[in-house]
Amino acid sequence: MENLLMSIEAILQWDTLLLMVVGVIAGIIFGCIPGFTITMAVALTLPFSLGLGPLEGISLMMGVWLGGASGGLISACLLGIPGTPSAMATTFDGYPMVKNGEPGKALAIGLWSSFIGSIIGGIILVLAAPMLSTIAVKFGAWEFFSLMVFGLSAIASLGEGNLIKGLIAGLLGMFVGTIGTDPLLGVERFTFGSVEMLAGFAFLPVLIGIFAFSQLLSEAKNGKKEKLQFNQNLSLSYPVSKTLKNMLSSWVNVIRSSIVGVFIGALPGAGSSIANILSYDVAKKLSKNPKKFGTGTKDGIIAAETANNSSEGGALIPTLALGIPGSAVTVMMMGALLVHGIQPGPYFFISEPVLAYGIFLSFFISAIFMLLIQSFGIKFFLKINDVPMHYLIPVVIILCALGSYAINNRVFDIWVLLLFGVVGYLLKQSSFSLAAFVLGVILGPLTEENLRIAITTNPDLTLFLTRPISGVLLLLTVLSIVYAIVTDIRHNKRMNTPNSKDITV
């Protein structure tokens with residue numbers, strides 16, 4: 001209770017609350033611009049979090065994350081173009097509802113669905129994460145190694161429809177993680193005599209380059225921006241009482257979609273994009289009126305938006321309790337904590353209880369800010385789409401460079417940003433998974449370290465199999481890889497079917 005009270009005191013500081021407000025606004029702006037992504041927005045907040053305390057930095061990133069998850073529904077409903085991939089299924093019924101003359105209803109139901117999904121996901125996060133970490137605190141080096149291997153198995157699912165390319169991207173990331181000085185023997189590895197590379201590549205310039213700068217290069221190459229074509233004279237208001245009445249009449253759909261979102265979000269390698277699509281599909285199959293889906297039914301919007309927001313809470317469960325980030329955003333949150341010298345994982349709730357409760361509270365407060373800010377600022381966010389992309393891109397590039405330089409006050413990190421921006425761009429153009437690459441960068445060194453500690457302690461390799469928890473984790477790793485292979489085969493068969501409908505998630 002004492003830790004909870006200290007967390008409440010820390011999170012309710014005016015500057016922390018202001019950071020969350022700024023984060024939510026920035027997230028909604030990035031979320032509603034087609035082409036800009038939540039991942040890119042969170043990547044840009046990384047350098048700013050360095051000058052803040054761990055709780056303040058994570059609160060800022062949390063605001064951006066939840067704001068962006070909801071902001072995508074604006075362009076999804078009004079333009080028919082999802083602002084983010086996680087709002088893809090929202091377009092299926094949101095846009096038809098707008099064309100049917102009900103833009104206010106579409107936005108209101110989407111926004112409240114996002115809010116309620118976030119709250120349910122947050123509640124499950126608060127209940128599940130500490131419980132899972134209580135089990136994981138019994139881990140030794142063998143269990144940690146097997147846990148990291150299990151986390152790395154997510155690479156097989158992050159291939160975006162191509163298992164081999166996902167594995168190649170992950171292995172490339174693991175190789176990058178080996179560059180620098182050997183942590184146990186002090187031997188230089190792949191530094192080529194460069195003093196700057198002795199400590200390896202800093203996490204943040206790599207992450208910003210991979211996720212933000214590469215996206216900017218893609219946008220610059222496209223050279224044009226989808227412009228929002230929407231009748232500004234239409235009313236966007238819709239009574240809250242009617243919105244809540246609509247939500248209550250579909251309460252089963254709300255709860256089911258939220259649970260689906262949390263479950264998908266907690267799976268390493270899944271994410272809000274898959275939760276959004278899968279939840280919509282489940283709702284359609286279980287509906288008494290499945291033919292209404294796709295024509296502007298509220299149940300389609302509810303299923304899509306509750307799931308993609310509740311999945312954020314689910315993604316934080318393995319990140320905080322096990323130290324296994326399951327999505328690109330949680331990878332960056334974990335990276336931010338590592339920069340502050342804080343290791344998410346089984347001991348996180350014991351060593352940093354105030355920070356852990358603070359993260360929970362920031363999740364709920366950001367959800368409330370998201371509801372209020374988007375409710376009253378919808379017309380302002382629509383204006384953002386009128387800003388030409390050739391003005392936005394230079395500003396974001398400057399922010400990327402300044403943020404990378406500010407980490408260690410050295411120009412070398414700007415070169416790292418540019419290098420990995422180009423690497424990310426080339427990977428993306430070749431359909432390699434950026435999330436798999438970054439997962440390899442972060443988990444690769446941790447896997448190596450625990451493997452070497454375990455072997456140094458006892459050279460008997462059978463301990464990895466005979467220790468119960470380690471054995472179970474390795475079994476889950478095998479099952480995860482088999483599942484990814486089966487899914488990959490099914491995906492390829494579906495894509496080769498003549499009348500298949502290509503949906504990228």
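Where is the place of T45? I found T45 in helix 3, residues 38-50; helices here are DSSP runs of H or I with at least four residues, strands are E runs of at least two, and both are numbered from the N terminus.

**Ground rules.** I am working with a predicted model, where local features need pLDDT of at least 70, side-chain atom pairs count only at pLDDT 80 or more, and totals for chains, interfaces and linings use all residues. Residues are numbered from 1 along each chain as its sequence is written, and side-chain values use heavy atoms, with hydrogens and water left out.

**Entry 1: T45.** I checked how covered T45 is: its relative accessible area is 9%, so it is buried. My cut-offs are under 20% for buried, over 50% for exposed and partly exposed in between, with a 1.4 Å probe and protein chains only. Skipping residues up to four places away in sequence, I see T45 touching L60, M61 and V64; a contact is heavy atoms within 4.5 Å. A polar atom of the T45 side chain also sits 2.6 Å from the backbone oxygen of V42. Then I looked along the chain: A336 is 291 residues from T45, yet their C-alpha atoms are 9.9 Å apart.

**Entry 2: the whole protein.** I noted 22 helices and two strands. Of the 505 residues, 55% are buried. Among contacts with a separation of 6 or more, 79% join residues 24 or more positions apart. The accessible surface is about 21600 Å², and carbon and sulfur atoms hold 68% of it; the areas come from the Shrake-Rupley method with a 1.4 Å probe, and for residues only the protein chains shown count as cover.

**Entry 3: the cores.** Which residues have the most contacts inside the largest nonpolar core? I wrote down W65, F201, F211 and F437, in a core of 114 residues. Helix 4 (residues 54-78) gives the most to this core, with 12 residues. Apart from it lies another core of eight residues, including M88, A89, A303 and A304. By nonpolar core I mean buried Ala, Val, Leu, Ile, Met, Phe, Trp, Tyr and Cys residues joined through side-chain atoms within 4.5 Å. I then followed W65, leaving out residues up to four places away in sequence: among its partners are I38, V42, E312 and M333.

Entry 4: L172 lies in helix 8, residues 163-178, and at 36% relative accessibility L172 counts as partly exposed.

**Entry 5: salt bridges.** How many salt bridges does the structure hold? I count seven, each a side-chain nitrogen of Lys or Arg within 4 Å of a carboxyl oxygen of Asp or Glu. D182 pairs with R189, with 3.7 Å between the closest N and O atoms. D182 is buried at 7% relative accessibility, and R189 is buried at 18%. E448 and R452 meet at 2.9 Å, N to O. They are four residues apart in helix 20 (residues 434-457), so about one helical turn separates E448 and R452. I also noted that D182, R189, E448 and R452 are linked in a network of salt bridges. K298 and D299 form another bridge, at 3.9 Å, and K298 counts as buried at 18% relative accessibility.

Methods. A polar contact is a pair of N or O atoms within 3.5 Å; within protein, one must be able to donate a hydrogen and the other to accept it, and residues adjacent in sequence count only if both atoms are side-chain atoms.
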